[in-house]
Amino acid sequence: MAHDRIALHARDVRFDFSALRTDWIPGEPFASHLIDVLHLLLPEGERWFVEVFSQALPMVRDDALAEDVRGFIGQEAMHASSHQGALDHLGEAGIDVSRYVEQVEWIFGELLGERGLSGDAAREWLVERVGLVAAIEHLTAVLGEWILHSPELDAAGADPQMLDMLRWHGAEEVEHRSVAHDLYVHLDGRYLRRIRAMLVTAPALIRLWASGTAQLCARDPELRGTPARRARIRDYLRASRRGLVPGPMLFARAMLTYLNPRFHPANHGDTDAAVAYLAVSPAARAADGGPADGTPAEPHGGAA
C-alpha cells in the first residue's frame, strides 16, 4: 500500500459543454460516442462506489488506508458530477438514452444495491461489492493511463474541454488506482473471489459499452440517414488502429495482469504522468486556485 502513495483530494472542477459537438472528435462520431458511453455509465456507477466505500470505511483498521478511502470517496463523487454534466448535454443535443440510463440505475441500485441483510451476510455482501469495485477500478486505471498518453486525439482535433475532463478524470484514476485493491485486501483478500469479480465485471462492462455505443449512434440526430447511424465492430477496430479509442489488446493485457496472484495496481500505471497532467489541466488548475491557461501560478505563502 506504500507504493506510489500520495495524498488524495477531490478537485472541484467545472466544465462547460454548451458548445460541444456530438462528434467532439471531428468527423469521428463513432469514436466520440464510444467514449461518450462513460457519461452514461459513470454517474450512477461512481455514486455506487461512494455508497459502498462509505459503508466499508468504519471497518478499516488502518489509518493510512482510511485516509485513502476518504480521498477516493471525494474524488469519485466529483467524477460522477462531472460526467453527469456531459450526460445532460447529450440529452440537450437530442440524444435520448434514458432507457439505457434506467438500465444502469437498476444494475447499481437494485442488482448491486442493499439486500436487507444483516450480520455476517451483510458483511459478506459488502466485501463482495468492494471486490467488484476493485476489478472495475483496475480497468478504469488502465483507461486513465491510456487517455493520458493519447496524442492521436489531439492530432484529430478533439474538443479541448472534453479532453481535459477525460484526462483530469484519467489522472485521478491513476492517482487512486491502488485504493480499492488495498481496501479489498484489508477486508478479505481471497484470490479466487478477486478473480471471480473480474470475470463477472469485464464481460458485463463490454456488453454495456457495446450497447451504449450502438444506442448513441442510433439516436444521434446528426447521424440520421447516414451509415454512421449503425455502430459496427469494424468501426471500433478502425478507430482503435488510429489510436482514437482504446484497443482490444489493452483490455486483454489488463485482464491477464489481474490474474497474477501477486498483482498490485501500484506496479501498473505512471503516477508521475498523472500528477504532471493535473499540474497543467485547465480545470484542475482553476479548482486549485491557479490560472486555467497553463501559465505559472503565483506561489502560496508559507512553507511548502
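Predicted model: local features only at pLDDT ≥ 70, side-chain atom pairs only at ≥ 80, totals over all residues.
Residue numbers start from 1 along each chain as its sequence is written. Local features need pLDDT of at least 70, side-chain atom pairs count only at pLDDT 80 or more, and totals for chains, interfaces and linings use all residues, while side-chain values use heavy atoms, with hydrogens and water left out.

At the start of α2, a side-chain oxygen of aspartate 62 comes within 3.1 Å of the backbone nitrogen of alanine 64. Just after α2, glycine 94 has a positive phi of about 90°.

Next, the packing against α8, residues 191-219. Helix α3, residues 98-111, packs on α8 at about 160°, axes 11 Å apart (axes are lines fitted to C-alpha atoms over the stretch in contact, and angles run from 0 to 180 degrees between N-to-C directions). The two are therefore roughly antiparallel, a label for angles over 145 degrees. Tyr100, Gln103 and Ile107 of α3 meet α8 residues including Leu208 and Trp209, where contact means heavy atoms within 4.5 Å.

Last, α1, residues 29-56, packs on α8 at about 115°, with axes 8 Å apart. On the α1 side the contact includes Phe30, His33 and Asp36; on the α8 side, Leu208, Trp209 and Cys217 are among the residues.

Note on methods
Polar contact = N/O pair within 3.5 Å; in protein donor to acceptor, adjacent residues only side chain to side chain. Helix = DSSP H or I, 4+ residues; strand = E, 2+ residues; numbered from the N terminus. Parallel < 35°, antiparallel > 145°, perpendicular 65-115°, else oblique.
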